[in-house]
Amino acid sequence: MIVAASAWSFVAGAYSLVLVVLLAYVVRTVVLGRRLGRNLPPEKRRWM
Amino acid sequence: MTPDTSTPRQAGSPASSPSAGRWRLDPAGTASVGSRVLGLVTLVGIAAFLLVALVASPPDSGRDASINQMGEAVRIMYLHVPVAIVCFLAFFVTAASGAMYLWRKSEGWDLLAAASAEVGVVFTALTLATGSIWGRFAWGAWWVWDARLTTTALLLILFLGYLALRRAITDPVARAKRAAIAGLIGFADVPIVHYSVDWWRSLHQKATITRFNPTIDGLKLFALMFGMVVFLLVYAWLMVHRFRLQYVQARAEERGLDAAIAERRAEGSSGVASPLAGTGAAR
Amino acid sequence: MLHDALLVVGKDLRLEWRSRVTTNQVMPFAVLVLVLFAFALDPDRRILQEATPGLFWMAVLFSALLAIQRAFVLESHDGVRDALRLSGLDPAGIFLGKAAGIAVHLLAVELVLGVGVTLFYGAHVGGPLLLIVTCLAATAGLAAAGSLYGVLAAGLRLRETLLPLLLLPVVAPVLIAATQAFQAGFRQASGEGWRWFGLLAIFALIYTSIGIFAFDPLMEES
């Protein structure tokens, strides 16, 4: 079995990967929404 | 990401932004008060989840260990299993919304299917990545031709194909219909792939690889369950925004089409004949 | 429905009889794939013999892509698609007809490939019955799934690149099952093979029924 320090590096790798990817995706979604949404007339913005 | 302060606030928009500056609701964005609250709850949830999964819960070793004896690496599972569940949920939502679209023929179901597929691709890729990291630790290899892994990999390609098909079709009705059927076909394929790979593997190797055994209890079980709740919240938040983004894109397409038609009409009325232009190009 | 299917099959086979695209292009391509596999793997027959079932079905898959492209390019030219829709033919019949036409082409390709692997790879036929029914079931599944995706990608600008991406992951079980059944058939120990044949039959059934129901909305669109 691999030593605990090595296990922690796998754990850290997995968690940071997921968090970074999700954060990047969230930022991208929000930015894209703001950029495209600028062209949407306010009366069609049904969620506001 | 720079805060956009140049756009003036709409006069009619509800004055509900909690604070000024960077964190106020952008009137042009896809956020609403509800999604902002959901986002805050999700953020708090993620912080709590990290605390539980990485600090509070004990390693899988010693007296209370499960039969897998995974040590600290068990923490990968608190992440991997919820992400995988969201990935399958996303694909299910895509297929079910496709079926609903074929039944009700309303745009909303199509937008929902598209949004779920987009989020699903991200979660499927993360499932494969975290599973691979786990596999490298537990089996010593980044990849094993196991039924679950292989099915997930094919699922990712199916999702990518679904999105590619959507991008390739310009007419919204044709796109919705074809995409709905593509989603359903893909969904029907998942169990067949799983069984065939399962049989294929069992033919070649008798000893099954060590799997994550769900016989865990206490804080470890809590971490797993809490992870599921948190990632479902993440999925919900992403779905809200992606759905609205789809809606914005659909309206933009519509306006583009209207503009093109108006242009064509203007051309026609001014007597400029455009022979052959656009007659067969659409299909 | 079956009558309409026969009409469509007849049309497609007549077109093939006159144009000979499958006989003159797809079949030589399939044989070429066999030769290329030999170049890539080994001049020594040992590896080739072991891999024969898989290579055979890979060659079939590649040829199937060509056959499906061809079958639906026929329909997108000159508004044949509209003509088919206006003709009052049952959509399910059109689907069955297209699938049957593709299946006939594929069976011909498989026959040529069968001769090819016997000659080039020295394949030895153990259980001919299992091999034949495997070919039939796998071809039915490939043709049904292929027609579905063929019509999904039909008429799009990007269909040449889109069809493989959509179709190949879905027919992965066919590749696995047909390869395993062929392995059993070549070894004469065909007990395992019949289970794989069952999977192929189920696959063909599922995709044929999806096609029968899904062609209606697909044909009525825009």
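Biologist: What radius of gyration would a compact globule of 222 residues have, and what does chain C have?

Modeller: The radius of gyration is taken over C-alpha atoms, and the globule rule is 2.2 Å times the number of residues to the power 0.38. For 222 residues a compact globule would therefore be near 17 Å, and chain C, at 18 Å, agrees with this. The C-alpha trace of chain C spans about 55 × 35 × 30 Å along its principal axes. This is a predicted model, in which local features need pLDDT of at least 70 and side-chain atom pairs count only at pLDDT 80 or more, while totals for chains, interfaces and linings use all residues. Residues are numbered from 1 along each chain as its sequence is written, and chains are lettered from A and ligands numbered from 1 in the order in which they are written.

Biologist: How many helices and strands are there in chain C?

Modeller: Helices (H or I, at least four residues) and strands (E, at least two) are DSSP runs, numbered from the N terminus. Chain C has nine helices and zero strands.

Biologist: How is the packing of helix H1 and helix H5 of chain C to be read, and at what angle do they pack?

Modeller: Two packed helices are described by the angle between their axes and the distance between the axes. Axes are lines fitted to C-alpha atoms, for helices over the stretch in contact, and angles run from 0 to 180 degrees between N-to-C directions. In chain C, H1 (residues 2-19) and H5 (residues 91-120) pack at about 40 degrees, with axes 7 Å apart. Angles under 35 degrees count as roughly parallel, over 145 as roughly antiparallel, 65 to 115 as roughly perpendicular and the rest as oblique; H1(C) and H5(C) are therefore oblique to each other.

Biologist: Which residues make the contact of H1(C) with H5(C)?

Modeller: Two residues are in contact if their C-beta atoms, placed from the backbone, lie within 7 Å. Among them are Leu2(C), Val9(C) and Glu16(C) of H1(C), and Gly93(C), Gly97(C) and His105(C) of H5(C). Ala, Val, Leu, Ile, Met, Phe, Trp, Tyr, Cys and Pro count as nonpolar, Asp, Glu, Lys and Arg as charged, and the others, Gly among them, as polar. The residues of this contact divide into ten nonpolar, four polar and four charged.

Biologist: How many residues of chain C are in contact with chain B?

Modeller: 25 residues of chain C are in contact with 27 residues of chain B. H9(C) gives the most to this side of chain C, with seven residues. The side divides into 20 nonpolar, three polar and two charged residues.
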